[in-house]
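Subject: the structure I mentioned

Hi,

Here is the structure I said I would pass on. Have a look, and then read my notes below.

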There are 4 protein chains.
Amino acid sequence: MNKKIKNIGLFTSGGDSPGMNAALYGIAKVAEINGIKITGILKGYEGMINGDFSPLKSSDLKKMVHRGGTLLKTARSKRFLTIEGRKLALKHLQENNIDALIAIGGDGTFKGLLTFSEICDIPFIGIPGTIDNDISGTDYTLGFDSAVNTAIENIDKIKDTAESHNRVFIVEVMGRDSGYIAIHSGLTTGADAILIPESGKDFIYLLDKVKNYDSEDAFLVVVSEGDEIGAELVSSKIKEVNPNVDLRITKLGHVQRGGNPSALDRMLGIRLGVEAVKSLLQSKKNVMVGILNNQLHLTPFNEMVKQHQVNKELHELLELFGK
Amino acid sequence: MNKKIKNIGLFTSGGDSPGMNAALYGIAKVAEINGIKITGILKGYEGMINGDFSPLKSSDLKKMVHRGGTLLKTARSKRFLTIEGRKLALKHLQENNIDALIAIGGDGTFKGLLTFSEICDIPFIGIPGTIDNDISGTDYTLGFDSAVNTAIENIDKIKDTAESHNRVFIVEVMGRDSGYIAIHSGLTTGADAILIPESGKDFIYLLDKVKNYDSEDAFLVVVSEGDEIGAELVSSKIKEVNPNVDLRITKLGHVQRGGNPSALDRMLGIRLGVEAVKSLLQSKKNVMVGILNNQLHLTPFNEMVKQHQVNKELHELLELFGK
Amino acid sequence: MNKKIKNIGLFTSGGDSPGMNAALYGIAKVAEINGIKITGILKGYEGMINGDFSPLKSSDLKKMVHRGGTLLKTARSKRFLTIEGRKLALKHLQENNIDALIAIGGDGTFKGLLTFSEICDIPFIGIPGTIDNDISGTDYTLGFDSAVNTAIENIDKIKDTAESHNRVFIVEVMGRDSGYIAIHSGLTTGADAILIPESGKDFIYLLDKVKNYDSEDAFLVVVSEGDEIGAELVSSKIKEVNPNVDLRITKLGHVQRGGNPSALDRMLGIRLGVEAVKSLLQSKKNVMVGILNNQLHLTPFNEMVKQHQVNKELHELLELFGK
Amino acid sequence: MNKKIKNIGLFTSGGDSPGMNAALYGIAKVAEINGIKITGILKGYEGMINGDFSPLKSSDLKKMVHRGGTLLKTARSKRFLTIEGRKLALKHLQENNIDALIAIGGDGTFKGLLTFSEICDIPFIGIPGTIDNDISGTDYTLGFDSAVNTAIENIDKIKDTAESHNRVFIVEVMGRDSGYIAIHSGLTTGADAILIPESGKDFIYLLDKVKNYDSEDAFLVVVSEGDEIGAELVSSKIKEVNPNVDLRITKLGHVQRGGNPSALDRMLGIRLGVEAVKSLLQSKKNVMVGILNNQLHLTPFNEMVKQHQVNKELHELLELFGK
């Protein structure tokens, strides 16, 4: 059963995030010490289906530990949703003598692995990589801390011009359905209001504040992307209650996905990468490695619930500072 | 005629830009050495009309040399467009014993001074401060180099994610009617196409390129803001010729206006600030100090043509790299 | 006993660290909501002895949340070590109607409070602020994450030149007796060797590696400051075993203490600041607020052991990557 | 005589500097458009002697335009100083059908080319690359602006901690025999004193200032490296006149050589790279391309004087601000 692993296949899938290369470095180093080969698969499941495999060396990855993006590239694969696609992927794994797989990606990536496990019995380990921090089973996903740092460095710049003009600024940050980036970047830049998807479209309190805004200072609103609270919607509501307000919008966009990873994300990548290989050596399979309360933690793919809830302490801070 | 100047009034006007505080520091230091007081006027012409004056010290400004924004705040003033407004401004200048004025701002600021000179005979000196680099009489305006550096740092991040996904990215930068920021930030990030207002809405060559784009690499377009070439327009045109392209838009927005100034902008601020005071001491008036071919240069307000034309060398580079 | 707190005195003491201003902001905001005044004491215990007190406003602190250093300034106080000094400090606290104190600082700061508590019965709360991460009772001290981020951004730069020349580089980082900064910055930059004080002067393994170093790549050593492992000592030992090696030293020094705080440090500052006030409202006294396993945690001053030990997981990573 | 160039050899030599990769990109793009192949030579003259040649593609270089260091690596070559070494280099150039050479480097690199021209008649073009800005014939060398920006970002951080403690800080920057980096980084960070090699060991004025320094504020000294004014020497002199001063030293070191190039250096690299190829197409040889007063300018190698003198305006600024 516990046959020796000789060749681990690695791929990144879904949206890229800073720290993915650090995780690859962590994996490579421990694999090397344990005499295990590692093989990179390009563009996620697409490369698996296309047979796009090539060997990776720890010494090459060492030079990429500080780079954003993913050197293995990433993609979404429609073909992998079909049984034909998955069979082809399996064939290429077998032809390349891959006897374990480590995937760095999000929710969708792990669901893909779960489906794949129906026809493929090599062990899978997942590493949570997404800037949205919306995966249960880990306090931090790879890339979240970097995205927040990128967001706040840009919001700091916006504060310079906002304060020079005493303007209202609405800054839209990423996060899909999760308010994590907005809460963290809003609190840490001294935002006057923070709107997150979890709180829905209720921002009457903000309108109350703005109604009496006297332009004697800057006024900063940080909002998550999302249908009910996006920057444009909030802007139009503000203008309804205070038509004369001098207001500007900036949507930070994809800059939040790139850039050299922060120290925390590099460490997290290394820690999770190391643990992923160790888990394989301990015959673990079909689990995601994460960090809960600063301890390494394994969550079976089939127990994963998507949403990582904004916790009580954060909600209280949001009430205190963002309202 | 050449009576000794005892108290220089300083203000910033129009859009803020990184380096304005460095210019104030430059002014303050030389003024101090020459035994001249300096007085800050808050919020540009608005503060002049409101009588919002306060003394400035070189030692305080030294601590602000590296900060973005303008500590004197800035605003656009409708009241200054009226003769009543200007008379009130004059009254407050006289009451505060201001016997010279240095203004940091753009085209509109200097036009304001020119009009003001009809009723006010104290000497005015202008310092060009705008990220758009669109003022004639100087090769660089204060804030341009910082804005370009901010733009390219963010575009570098976008390249990480663009290359991880092999995506088309359209990044919109500022510049109003001027393509300077777009040319500089596009060339220096290896953009595959660069669109500037000066070239109008002609981007057939871009569409030709994209028509055959095979998604085997990232494809980066840097466009100026503007009605005829904004990111959305370019995006819709691209989708017409290649509907399947995986495309994202990021509009960098006001982050380009803030942040600590670059080394060049700080030096430029100090150089122009020093020259502004020296010019006053040499009985110059109603001129803008600028840098032409790396030499300090004075341009009378009434000879200023707005547009700083994109020069021949830049146009050739644009042809070579952006097409 | 549980009399209502009306005026909290705040001060920073010992070495400054990024995030101190964010903690002040966190304190100020919660205090304001609870109708409590806050009073800043300049330069730590020195200001207490000198009577250097002034009121602070949450709206002013909001503008400082992203700034490095401490707006309250900091100092070491010899006079506070004397009973006369402490009596004078107490007198000024009483004159200023301070009925609670929150101190941000390190080990020595809290020891000072413990001694002070012998004559002063107003409640004290401590917030751990030091880049060294060497305080027990918290997983992170304020400033540590920022210091590591500053270190790795600079080491990334050094890697550019090291790889261009295939040179050996020894980079010395801070940390006093603690290897935390060295481990984190070494692992996350792909260092070939990491030397920390906890491991003492044993670096034979490094010399073995360097003995056979063939100059076909860069070789990066990250060392902590310290008598037994400082950069110069390591350099001379390396030159003994491989005299021809092309070697350079960079000691990052005090840049690690400054700069805008990272997202994590700003959040940590806010979280600890909020908890400090809440603890006072719950009649806690003479405790330090910290974060253990991502949960807020109180440690009585008299139970604090100085050293925060490098944990088992980190030691294993050090073995894997740094040797 | 003016035979068509088909294959340009490229190499970087001497100390690396940010912007070298951008220059390679500029060269590659123009060469490609003109149907000229480009060949990279690794490690400068060493690679030429070793026969380390490989073709370069413009599309690969496009991805490196924003990276620090040099992808061609660099080295100093003792063998090239010998006639045997140069003959071997020539042989490899001929075997690889190199019919023109572009070198990016400093003074020593160009002297090497001049000597080489005695036995090798293929045209040489030089591009000035060094952070020291100490080459005549150009106002800016590649890497200087990036080095200054790195220096000031780090000095800004040091100011945070200096002002928190009211300390004296001596920051040593690079520049070899040239004070350019010191003047620029000192002026733009509000230094209280700036010491450069050109002014020699005369810093009595600094000692006069420090003698009466009352520790009521930070005091920042920026010094160039160099025997007569290095940080340690200045420190010991200061302590002689004011033994109680709380003083710290930071030597920024090699961080100044690395990091992503600034916007100016990337543009400069592209401009000089393009001009280098154009010069070859116009049958120019044995000249360095530079920027004088913002215009492209060619200087024959045999007319180059090493030192780029600190100009009059800078000297005046130094007098005003640094004393």
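How much area is buried between domain 1 of chain A and domain 2 of chain A, and what percentage of it do carbon and sulfur atoms give? About 1000 Å², with carbon and sulfur atoms giving 45%. Buried area here is the accessible area (1.4 Å probe) that two parts lose on being put together, summed over both.

Some housekeeping before the rest. This is a predicted model, where local features need pLDDT of at least 70 and side-chain atom pairs count only at pLDDT 80 or more, while totals for chains, interfaces and linings use all residues. Residues are numbered from 1 along each chain as its sequence is written, chains are lettered from A and ligands numbered from 1 in the order in which they are written, and side-chain values use heavy atoms, with hydrogens and water left out.

Inside chain A

Contact (heavy atoms within 4.5 Å) involves 11 residues from domain 1 of chain A and 12 residues from domain 2 of chain A.

Two salt bridges cross between these domains; the term means a side-chain nitrogen of Lys or Arg within 4 Å of a carboxyl oxygen of Asp or Glu. Arg176(A) also forms a salt bridge with Asp132(A), at 3.0 Å between the closest N and O atoms. On the side of domain 1 of chain A that touches domain 2 of chain A, there are three nonpolar, four polar and four charged residues. For those classes, Ala, Val, Leu, Ile, Met, Phe, Trp, Tyr, Cys and Pro count as nonpolar, Asp, Glu, Lys and Arg as charged, and the others, Gly among them, as polar.

Chain B against chain D

Chain B and chain D bury about 4000 Å² between them, 56% of it on carbon and sulfur atoms. Met267(B), Leu320(B) and Phe321(B) supply 15% of the area that chain B buries here, more than any other three residues. The contact takes in 47 residues from chain B and 48 residues from chain D.

There are 10 salt bridges between chain B and chain D. Lys278(D) pairs with Glu316(B) in a salt bridge, with the closest N and O atoms 2.7 Å apart. The side of chain B that touches chain D has 18 nonpolar, 12 polar and 17 charged residues.

How do the two copies relate? A rotation of 180° with 0.0 Å of shift along its axis superposes chain B on chain D, with an RMSD of 0.0 Å (least squares on the C-alpha atoms of residues with pLDDT of at least 70 in both). That is the relation of a two-fold axis. Within chain B, Asn293(B) comes closest to the rotation axis, at 2.2 Å (C-alpha). Since 100% of the interface residues of chain B are also interface residues in chain D, the copies meet through the same surface.

Chain A against chain C

Between chain A and chain C, the buried area is about 4000 Å², and carbon and sulfur atoms give 56% of it. Met267(A), Leu320(A) and Phe321(A) supply 15% of what chain A buries against chain C, more than any other three residues. The rule finds 10 salt bridges across this interface, and Glu316(A) meets Lys278(C) in a salt bridge at 2.7 Å, N to O.

Cheers
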